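Visitor: Please put the chain on screen and take me through its helices and aromatic rings.

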Amino acid sequence: MTGTTTILILGAGYTGRHFYATAKGQGLQVLASSRDPAKHLAYASLTDRIEFDLARQATWKNIPSAADMVWCFPATPLEQVQALAKALGAPPRRIVVLGSTSAYAVKNDSKEYPPPWLDESAPTDLNKPRVQGEEYLRKHHGAIVLRVAGIYGLGRNPLDWIRQGRVSPSRKCVNLIHVEDLAAICLTALERAKPGEVYNVSDGQPYIWNEICATAQQRWGVTAGAAKEDHSPGKRISNAKLRAGLGYTLGHPDLYEALALIESANVEQTQDGQNGFQQGPRREGTGGVPSEVR
């Protein structure tokens with residue numbers, strides 16, 4: 001991808017912020033959009049901020065017509081997604097839409113355990129509004145859909161989810177992806193993926209909450225709350241197509257090594273703040289637990 005191509009992040013929240021930093025680090029031209037740029041886009045240069053709200057058609061004119069796009073929020077409601085796509089006229093050169101592995105139609109009452117591996121050919125639940133929007137953009141505008149597992153990273157720490165009782169030990173399988181890998185995968189998809197393709201985005205190593213909670217206790221002294229009744233098997237998401245089709249190599253293939261780095265960074269930020277040398281937010285915020293991991 002050349003530095004002359006402009007990339008617009010539609011809905012530049014947690015993932016968008018990391019994508020912005022990654023793309024800027026490669027010398028690319030990046031614009032970030034938000035419903036309230038002054039409030040939510042402080043990390044971006046003033047000239048890189050755009051006001052955009054899918055629900056306010058007056059803001060659609062702010063989208064540069066020739067820009068590539070990384071669509072970071074759920075593509076819903078369908079009627080507004082279709083209207084925006086029509087208003088854009090000739091679509092941007094490339095569109096990457098961040099979907100979710102929750103798109104797959106899986107029965108939580110299945111007795112099969114461990115659950116079967118799911119690749120991109122698995123059936124999806126077209127009754128879900130966001131899946132309808134993703135499929136419309138994929139089929140009619142050549143969007144590349146990334147079905148993303150649970151996103152974690154600095155500010156979205158699974159150990160905090162355990163500390164706060166948001167998750168607890170169970171046999172449920174969980175699939176995760178580090179936000180830095182997700183940002184890099186978005187760039188790789190813009191550069192290499194064929195229009196209309198779908199890719200699962202996961203580190204390819206499904207974990208079980210029982211194992212994560214046990215390791216959290218052993219390595220970091222994080223005590224989980226009482227186990228909740230959760231007999232759902234979860235999913236096991238294959239990332240074989242991502243690795244083979246896009247040739248992407250994960251920067252954070254090991255969850256526990258990544259968690260150690262996150263914990264270390266949090267301690268350093270806290271100490272910097274106590275010494276009067278805080279270089280940034282002590283905590284970006286623990287963030288909600290992604291629906292894919294509940």
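Predicted model: local features only at pLDDT ≥ 70, side-chain atom pairs only at ≥ 80, totals over all residues.

Guide: Residues are numbered from 1 along each chain as its sequence is written, and side-chain values use heavy atoms, with hydrogens and water left out.

Visitor: What percentage of the residues in the chain is buried?
Guide: Buried means under 20% relative accessible area, exposed over 50% and partly exposed in between, with a 1.4 Å probe and protein chains only. The chain has 294 residues, and the buried part of them is 49%.

Visitor: How many helices and how many strands does the chain have?
Guide: Both are DSSP runs numbered from the N terminus: helices are H or I with at least four residues, strands are E with at least two. Counted this way, the chain has 13 strands and nine helices.

Visitor: How far does α4 reach from its first C-alpha to its last?
Guide: The expected span of a helix is 1.5 Å times one less than its number of residues. Helix α4 covers residues 129-141, 13 residues, with an expected 18 Å. The reach in the model is close to that, at 18 Å.

Visitor: Which elements do the buried residues of α4 pack against?
Guide: The buried residues of α4 include Val131, Tyr136 and Leu137. Taking contact as heavy atoms within 4.5 Å, they pack against β4 (68-71), α3 (78-88), β5 (95-100) and β7 (144-148).

Visitor: Which residue follows α1 with a positive phi?
Guide: Helix α1 spans residues 14-25, and His18, Phe19 and Tyr20 are among its buried residues. After α1 comes a phi near 75°, and the residue that takes it is Gly27.

Visitor: How many aromatic pairs are there, and what kind is Tyr20 with Tyr43?
Guide: Rings of Phe, Tyr and Trp (its six-membered ring) pair if their centres lie within 6.5 Å; planes under 30 degrees apart are stacked, over 60 edge-to-face, the rest tilted. The count is four aromatic pairs. The Tyr20 and Tyr43 centres are 5.5 Å apart with planes at 70°, so this pair is edge-to-face.
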